[in-house]
Amino acid sequence: MRVIIIGANGQIGSDLVGSFQRHGAEVTGLTHQELEITDSAAVEAKLAGTAPQVVVNAAAFHNVEACETDPASAFAVNALGARHLALASLRQGSGSSTSAPITFFDGGKKQPYTEEDCPRPLNCYGNSKLSGELFIQAIAKNYAVVRVSGLYGAAPCRAKKGLNFVKIMLKLARERGEVKVVTDEYVTPTSTRAAAEQVVRLADAAESGLFHATPQGQCSWYEFAEAIFQYTQTPVKLLPATSADFPAKVPRPGYSVLDNKHLRQCGPGHHAGWRDCLKRYLEKPGR
């Protein structure tokens, strides 16, 4: 399988490259410096020169606050960039896939969101990513749109200064000995390694559609932090807080739990529980 991965040096892009290579794929990884997805002519030329069978878009403008102050750039990358890739993939006869952390739902349901639930983004980032999804669904013949929640991985996250929630918690514990975490916001923590492996399974099975590629279960950010400290045996005083203690500059949902219903139905495999994925992530040295 010949695969192009856009955003190959990002948090999830790095694991996508590794996962496809481990499954024997011929992988071309492209960074932002090597391909500007807002340039439709550049996208067309790159795909024509490589002739991939699968195109995976892991590129995104995902700094939520920056998206809110610069919506034009957010939509240029997250929406029109996805459109350029979908059109070029269609002309090349390639399958198309996009993968991203999401804030598509307003959190009002208070139950895990399935792929059938109607999105209602609360901010510019969520709206731009949803627009990209809709472009892909309208253009591509064979596509997989993959959503995740509470993403963390080994590669640096540029939007969080090279950190993720796990690394932030461990850093604060070392520096302060005391950490305060919210108990009233819920997610499905998703490791980039597990999400990448799910994308590979979908590509191998040639499954098409919308997928929530998250582990099983849910937790508050407080419960997530509690598990991190427990599994790493980190001595720390963990204190409960509420979202009111950390006022956000941009509206975000308090409930972002995803149900991987479509994966369970179509059969290419689905994730274990979020705790098992966290343990697997923490087993690798250097965390």
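**Entry 1. Leu282**

In which helix does Leu282 lie? I located Leu282 in helix H10; helices (H or I, at least four residues) and strands (E, at least two) are DSSP runs, numbered from the N terminus. I then looked up the accessibility of Leu282 and found a relative accessible area of 16%, so this residue is buried. For these entries buried means under 20% relative accessible area, exposed over 50%, and partly exposed in between, with a 1.4 Å probe and protein chains only.

**Entry 2. Basis of the entries**

I record that this is a predicted model, in which local features need pLDDT of at least 70 and side-chain atom pairs count only at pLDDT 80 or more, while totals for chains, interfaces and linings use all residues. Residues are numbered from 1 along each chain as its sequence is written, and side-chain values use heavy atoms, with hydrogens and water left out.

**Entry 3. The chain as a whole**

I counted the secondary structure as 10 helices and 13 strands. The radius of gyration is 18 Å, which agrees with the value near 19 Å that a compact globule of 287 residues would have. That radius is taken over C-alpha atoms, and the globule rule is 2.2 Å times the number of residues to the power 0.38. Along the principal axes, the C-alpha atoms fill a box of roughly 55 × 40 × 40 Å.

Of the 287 residues, 50% are buried. I looked up the contacts with a separation of 6 or more, and residues 24 or more positions apart account for 80% of them; contact means heavy atoms within 4.5 Å. The accessible surface is about 12700 Å², and carbon and sulfur atoms hold 49% of this area. Accessible areas come from the Shrake-Rupley method with a 1.4 Å probe, and for residues only the protein chains shown count as cover.

For charge, I noted 31 positive and 27 negative side chains, with the centres of the two sets 3 Å apart. Lys and Arg count as positive and Asp and Glu as negative, whereas His and the chain ends are not counted. The place of a charge is NZ of Lys, CZ of Arg, CG of Asp or CD of Glu.

I looked for rings of Phe, Tyr and Trp (its six-membered ring) with centres within 6.5 Å; planes under 30 degrees apart count as stacked, over 60 as edge-to-face and the rest as tilted. This search gave eight aromatic pairs.

**Entry 4. Positive phi**

Most residues other than glycine have a negative phi. Which value does phi take at Ala51? I read a positive phi of about 50° there. Ala51 sits in the loop between helix H2 (40-50) and strand E3 (54-57), and its relative accessibility of 32% makes it partly exposed.

Ala206 has a positive phi as well, near 55°. I placed Ala206 in the loop between helix H7 (192-205) and strand E10 (209-212). Its relative accessible area is 65%, so Ala206 is exposed.

I found Val145 in strand E5 (residues 143-148), buried at 1% relative accessibility. The C-alpha atoms of Val145 and Phe211 are 6.1 Å apart, although 66 residues separate them along the chain.

Phe75 belongs to helix H4 (residues 71-92) and is partly exposed, with a relative accessible area of 29%. Which residues does Phe75 touch, not counting those up to four places away in sequence? I listed Leu80, Cys124, Asn127, Ser128 and Ser131. From Phe75 to Tyr125 I read 8.3 Å, C-alpha to C-alpha, for two residues 50 apart in sequence.
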